[in-house]
Amino acid sequence: NIEVVTSQLARHHLLACPKFPIDCPFCGDATITRENLNSHVNIISGDCPKTVVPCSFRHIGCLYENERCKMSSHYQEANVQHLMLLSTRQ
C-alpha cells in the first residue's frame with residue numbers, strides 16, 4: 001500500500017495511482033486500471049478490440065494489420081491467400 005497525503009490524493013489518482021481506473025485510449029473502456037492498460041492493449045495477449053494487431057500469418061508473409069475486432073473477417077476472407085502463402089514457402 002502507498003500512503004498519500006490527503007491534499008495530494010486527487011493528484012495521485014489522476015497522475016500516478018496504479019489502481020485508478022482510466023479510459024483506454026483505443027476502445028474507451030473506463031474500467032481498466034492504469035497498471036493493467038499495457039496488458040489490455042498488448043498486440044499479442046491483450047483484449048482491447050480496437051488495438052491494431054498483425055495477422056497471425058505474418059510469419060508466412062501476410063502483412064495485413066487491423067483492429068483486433070476486425071481480424072476475424074480478415075481470416076475468413078483471406079483463407080485462399082494464406083494457403084497460397086503456405087504453399088509457396090520453401
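**Briefing: salt bridges, buried residues and overall form**

Lys70 is partly exposed, with a relative accessible area of 39% (partly exposed lies between buried, under 20%, and exposed, over 50%, using a 1.4 Å probe and protein chains only). Salt bridges that share partners join Lys70, Glu67 and Lys50 into one network. The model is predicted: local features need pLDDT of at least 70, side-chain atom pairs count only at pLDDT 80 or more, and totals for chains, interfaces and linings use all residues. Residues are numbered from 1 along each chain as its sequence is written, and side-chain values use heavy atoms, with hydrogens and water left out.

**Salt bridges**

- A search of the whole structure finds four salt bridges, a salt bridge being a side-chain nitrogen of Lys or Arg within 4 Å of a carboxyl oxygen of Asp or Glu.
- Glu67 and Lys70 form one of them, at 3.5 Å from N to O.
- Glu67 also forms a salt bridge with Lys50, where the closest N and O atoms are 3.5 Å apart.
- This pair links distant parts of the chain, since Glu67 is in strand β4 (residues 65–67) and Lys50 is in the loop between α2 and β3, 17 residues apart.
- Lys50 is partly exposed, with a relative accessible area of 33%.
- Another salt bridge joins the side chains of Glu65 and Arg58, at 3.1 Å from N to O.
- Glu65 is partly exposed at 46% relative accessible area, and Arg58 is partly exposed at 34%.

**Two buried threonines**

- Thr51 lies in the loop between α2 (37–41) and β3 (52–54).
- Thr51 is buried, with a relative accessible area of 4%.
- Leaving aside residues up to four places away in sequence, Thr51 touches Phe26, Val41, Ile43, Asn66, Glu67 and Arg68; contact means heavy atoms within 4.5 Å.
- From C-alpha to C-alpha, Thr51 and His40 are 8.9 Å apart in space, and they are 11 residues apart in sequence.
- Thr33 lies in strand β2 (residues 32–33) and is buried, with a relative accessible area of 17%.
- The contacts of Thr33, not counting residues up to four places away in sequence, are Pro18, Lys19, Phe20, Pro21 and Ile22.

**Nonpolar core**

- In soluble globular proteins, nonpolar side chains tend to be buried together.
- The largest nonpolar core here has six residues: Ile22, Cys24, Ile32, Leu37, Val41 and Cys48.
- A nonpolar core is a set of buried Ala, Val, Leu, Ile, Met, Phe, Trp, Tyr and Cys residues joined through side-chain atoms within 4.5 Å.
- Val41 touches Cys24, Phe26, Cys48 and Thr51, not counting residues up to four places away in sequence.

**The whole chain**

- The chain has four helices and four strands; these are DSSP runs numbered from the N terminus, with helices (H or I) of at least four residues and strands (E) of at least two.
- From the N terminus on, the order of elements is α-β-β-α-β-β-α-α.
- The chain has a radius of gyration of 19 Å, whereas a compact globule of 90 residues would have one near 12 Å (taken over C-alpha atoms; the globule rule is 2.2 Å times the number of residues to the power 0.38).
- The C-alpha trace spans about 65 × 25 × 15 Å along its principal axes.
- Of the 90 residues, 23% count as buried.
- Among contacts with a separation of 6 or more, 13% come from residues 24 or more positions apart.
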